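Dear colleague,

I am passing on the structure below, and I would be glad if you could look it over before reading my notes. What I found follows after it.

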Amino acid sequence: KGCVYAFEPVPRNFERLMRNLKVNQVKNVKAYNFGLSDRDEVLPVYVPNDNPGEATLYQESYSEITKGIKMEKEKVNVRLIPFDSFYEGNALDRINVVKMDVEGAELNVLKGMENTLSQNSCKLFMEVNAPLLNLSGVSIEDLFEFLISLGFKTCFLVDLESKINLLQVNSEKIKEIFDNRSINVILEHS
């Protein structure tokens, strides 16, 4: 009997989330119309008109970078907060699972939940979007170094149907696996 905390900063996506929760009579989800980052701030997000799921902090979307598709976008200012502040402010006692798809902002979001992740041995489901990480000035090696520092040891590469031990793989192999693509992963502490 758990509770899901959902964060969606883009108003159009948030409205869709709320409609889906209502239509499906979901009672254990608390949804918030703000996003997560490593600090409390308001930033512009670029929302593709035809695919709002590719909303990103960067002027280019994943499809534009990898497929050369030009997308019309709406620029929307959104509020972002650190999850650690939310966790403490809502007196949460633990988390078991984190699922995130943040289109290149992975490291910022993880830094904003560093204390929470250090105190909870949870599973982390996320999309690792290397092209958008690169746009943010973050390397794939930086992301995995941070994950290892939080105690994550095993990485299941969902799309590739394989797993790697993060303590036994070098940065060149990580770079090779994630080179210029987006991959869904599940991370565990064991």
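Three strands form an open sheet with mixed pairing, in the order β3-β5-β4, where two strands count as paired if DSSP finds at least two bridges between them, and where helices (H or I, at least four residues) and strands (E, at least two) are DSSP runs numbered from the N terminus. Please keep in mind that this is a predicted model, in which local features need pLDDT of at least 70 and side-chain atom pairs count only at pLDDT 80 or more, while totals for chains, interfaces and linings use all residues. Residues are numbered from 1 along each chain as its sequence is written, and side-chain values use heavy atoms, with hydrogens and water left out.

The edges of this sheet are taken by β3 (35–36) and β4 (41–48), each of which pairs on one side only. Between β4 and β5 (residues 73–81) there are eight bridges, and these two strands run antiparallel; V47 stands opposite E74 in β5.

There is also an open sheet of five strands, again with mixed pairing, whose order is β6-β7-β10-β8-β9. Its edge strands are β6 (97–100) and β9 (162–165), and each has a single partner strand, so one side of each is left without a neighbour in the sheet. On average, neighbouring strands of this sheet are turned by 25 degrees against each other, direction ignored; angles here run from 0 to 180 degrees between N-to-C directions, and axes are lines fitted to C-alpha atoms, for helices over the stretch in contact.

Going through the pairs, β6 and β7 (residues 123–129) run parallel and are joined by four bridges, with L124 in β7 as the bridge partner of V98. Four bridges also join β8 to β9, which run antiparallel, and T154 has N165 in β9 as its bridge partner. These two strands, β8 and β9, form a hairpin with four residues between them, and E161 in the turn has a positive phi of about 50 degrees. β8 pairs with β10 as well, in the antiparallel sense and over four bridges, and there F156 stands opposite I186 in β10.

**Helices α7 and α8**

Two packed helices are described by the angle between their axes and the distance between the axes. For helix α7 (residues 140–149) and helix α8 (residues 171–178), the packing angle is about 115 degrees and the axes are 9 Å apart. The contact (heavy atoms within 4.5 Å) is made by I140, E141 and F144 of α7 together with S171, I174, K175 and F178 of α8.

Both helices also lie against the five-stranded sheet: α7 lies across β7, β8 (154–157) and β10 (182–188), running at about 170 degrees to β7, whereas α8 lies across β7, β8, β9 and β10 and runs at about 135 degrees to β10. Within α7, the residues I140, E141, L143, F144, F146 and L147 are buried, a word that means under 20% relative accessible area, with exposed meaning over 50% and partly exposed the range in between (1.4 Å probe, protein chains only). Just after α7, G151 takes a positive phi of about 100 degrees.

**The nonpolar cores**

A nonpolar core is a set of buried Ala, Val, Leu, Ile, Met, Phe, Trp, Tyr and Cys residues joined through side-chain atoms within 4.5 Å. The largest one has 39 residues, and those with the most contacts inside it are L110, M126, L143, F144, F178 and L187. Helix α7 supplies the largest share of this core, five residues. Not counting residues up to four places away in sequence, L110 touches M100, L117, L124, M126, L143, F146 and L147. A second, separate core of seven residues includes V45, V47, A55 and V76.

N13 is found in helix α1 (residues 11–23), and N13 is buried, with a relative accessible area of 14%. Leaving aside residues up to four places away in sequence, N13 touches E8, P52 and G53. K22 also lies in helix α1, but K22 is exposed, with a relative accessible area of 71%. Finally, K22 and N180 are 158 residues apart in sequence and, from C-alpha to C-alpha, 38 Å apart in space.

With best wishes
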